[in-house]
Structures are given as structure tokens and as C-alpha cells.
Amino acid sequence: MEITLNNISRYYKNRLAVDNFTWTINFDNNNIFALIGPNGAGKTTILKIISGIYYFESGEISTSSDAKDYPIWARDNISFLQSGDRGLRFRNSVYDNVRYFGALKGMDSKKVEELYEIYINLLSMEEFRNRNVGDLSTGEKKKASLLCCLCSDSKIIILDEPSDGLDIDAKLNLQNIILKVSKDTDRKFIISTHDLDFISDIADNYTFISKGKNTYQYSSQMTNEEIREKFREINSII
């Protein structure tokens, strides 16, 4: 499976947010893709275009599947997990949130239940079923959001700045969960971040973005120091 962005450009009012961005995302040999750049670089805009949420002024996006309408294909196959804990229903239980997002995807309730039983164990969240989301810690809310994505049966999960607001232990826990899901299931991840420590230990493909442009891509494991050096070079950080 492959997603191709070709010379994508998008404006916010009169500001060019994404500038002729080209990116081939080939999932055949990679499970976790990293989109790395500072705040304001255009990461979230790119992710929302890939998710079918945003349109764009020029360029094209396509998939190797037989889909004729990319945004419809994206909404059927991709879940977008926003930064922070936006989107969750705080007054409802974790289980009710899972059912709600499954319904939004048009899924059969029995299928949602089957996936819930699988992933509730994989994420070690058995005791969270009846707890209200508003009572969870920041790290637990991240896990609940990921659980909702997994139970919607999306093949591709997009995480936007997933480590924001997490302490060291919660970051390590989330890293382990992402690695475990990618290893034990057929789910693929696209992760945007400026947290170089978080992404260096889990991604197997790295794309760097600066001022809306694709500035560098590396299709293999990078060490933390290599990522930092490239980040400084691209963003002129001394």
C-alpha cells in the first residue's frame, strides 16, 4: 500500500502553509513513518490533507488502491488522532467513546466489540472500560484515543504530536504501545513531532519538513544524534 503526495500546496488566507510538498509513503516495508519539524512547519496541515480532512489549492494525492475518490478512501482507512486530548467525550466512559467513534465510521457494533476485546488487552486497559475519560490522566487519555482509533478498524493511524504533555514514563509507555501494535497487527502509523527523543527510538522512515517544504527523507533507522544534526541543519539551529 502506498500514498503519494505530489507538489501539494495549501494557503491559510494569504500565507503559504505547504509549499509544493512531495512525499511517497510506502507501507510495504515500513510500519512507522515520522514527519519531523518545528512548530509551524506545516506538519498538522500535511496530516489533515492525508487524512482527507483538508483540501488543497494545487498538486495531487493518490493511493495505490483502486480508490477513485481519495478523501473518501482516506476517511474509510485512516484515523487521525489530534494533539492533546481533543475529540474524546470526557463525560462518557472509555467503552462508550470506542462505540461512539466506531459508529462515526459506520461500523457494525459487533465488529467494534470484537476489536475492543482484542485491543483492550493489547493496550493493557482492561480496568478502564467503565471509567469516564475526564477522570483519566493525560497519558491514559492518549491510550484511550489510540484505542478508539484501533477499534474503528482503520489501517493507518495518524498521530499528531502524541508526546505533548506526557512525562518520561508516559512517553516510554506510549512508545512501547506503538511498537507493539505495529509489530503484532497490520496497523501502520504516521507520526508528526518535534520531540526528537520520542521519535528516534520507534520510527523506521523519517521525513523532515521546514516552512512547508519537504527538506529531507531517510528510509532507514536514524540515531538520536543523526536526527538532531539533520534537524539543526534544516532549521538553521545553532
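**Strands and helix packing in a predicted model**

Visitor: Which residue in S4 is the bridge partner of threonine 4?

Guide: The model is a predicted one. Strand S1, residues 2–12, is joined to S4 by five bridges, and the two strands run antiparallel. Within S4, threonine 4 has as its bridge partner serine 62.

Visitor: In what order do the three strands of the open sheet lie?

Guide: The pairing in this sheet is antiparallel. Strand S2 (15–26) and strand S4 (58–63) are the edge strands, each pairing on one side only. The three strands of the open sheet therefore follow the order S2-S1-S4.

Visitor: Which strands does helix H2 lie across?

Guide: Helix H1 (residues 43–50) lies across S1, S2 and S4, and runs at about 125 degrees to S1. Helix H2 (residues 70–77) runs at about 50 degrees to S4, and the strands that H2 lies across are S1 and S4.

Visitor: Is H3 roughly parallel, roughly perpendicular or oblique to H4?

Guide: Helix H3 (residues 94–104) packs with helix H4 (residues 109–122) at an angle of about 135 degrees, the axes being 10 Å apart. Because of that angle, the relation of H3 to H4 is oblique.

Visitor: How many charged residues does the contact of H3 with H4 have?

Guide: H3 passes H4 in a right-handed crossing. The contact is made by Tyr95, Val98, Arg99 and Gly102 from H3, together with Val112, Glu113 and Tyr116 from H4. By class, the contact has four nonpolar residues and one polar residue, and the number of charged residues is two.

Visitor: Are H5 and H6 roughly parallel or roughly antiparallel to each other?

Guide: Helix H5 (residues 138–151) and helix H6 (residues 168–184) have axes 10 Å apart and pack at an angle of about 15 degrees. An angle under 35 degrees is the criterion here. H5 and H6 are therefore roughly parallel.

Visitor: Which residues of H6 make the contact with H5?

Guide: The crossing of the two helices, H5 and H6, is right-handed. H5 contributes Gly139, Lys143, Leu146 and Leu150, and the residues of H6 are Ala170, Asn173, Ile177 and Val181.

Visitor: What is the radius of gyration of the chain?

Guide: The chain has eight helices and nine strands. The globule rule gives 18 Å for 238 residues, and the computed value is close to this, so the chain is as compact as a globular protein of that length, with a radius of gyration of 18 Å.

Definitions and conventions:
Residues are numbered from 1 along each chain as its sequence is written. This is a predicted model: local features need pLDDT of at least 70, side-chain atom pairs count only at pLDDT 80 or more; totals for chains, interfaces and linings use all residues. Side-chain values use heavy atoms; hydrogens and water are left out. Helices (H or I, at least four residues) and strands (E, at least two) are DSSP runs, numbered from the N terminus. Contact means heavy atoms within 4.5 Å. Axes are lines fitted to C-alpha atoms, for helices over the stretch in contact, and angles run from 0 to 180 degrees between N-to-C directions. Angles under 35 degrees count as roughly parallel, over 145 as roughly antiparallel, 65 to 115 as roughly perpendicular and the rest as oblique. A crossing is left-handed if the near helix is turned anticlockwise from the far one by less than a right angle, and right-handed if clockwise. Ala, Val, Leu, Ile, Met, Phe, Trp, Tyr, Cys and Pro count as nonpolar, Asp, Glu, Lys and Arg as charged, and the others, Gly among them, as polar. The radius of gyration is taken over C-alpha atoms; the globule rule is 2.2 Å times the number of residues to the power 0.38.
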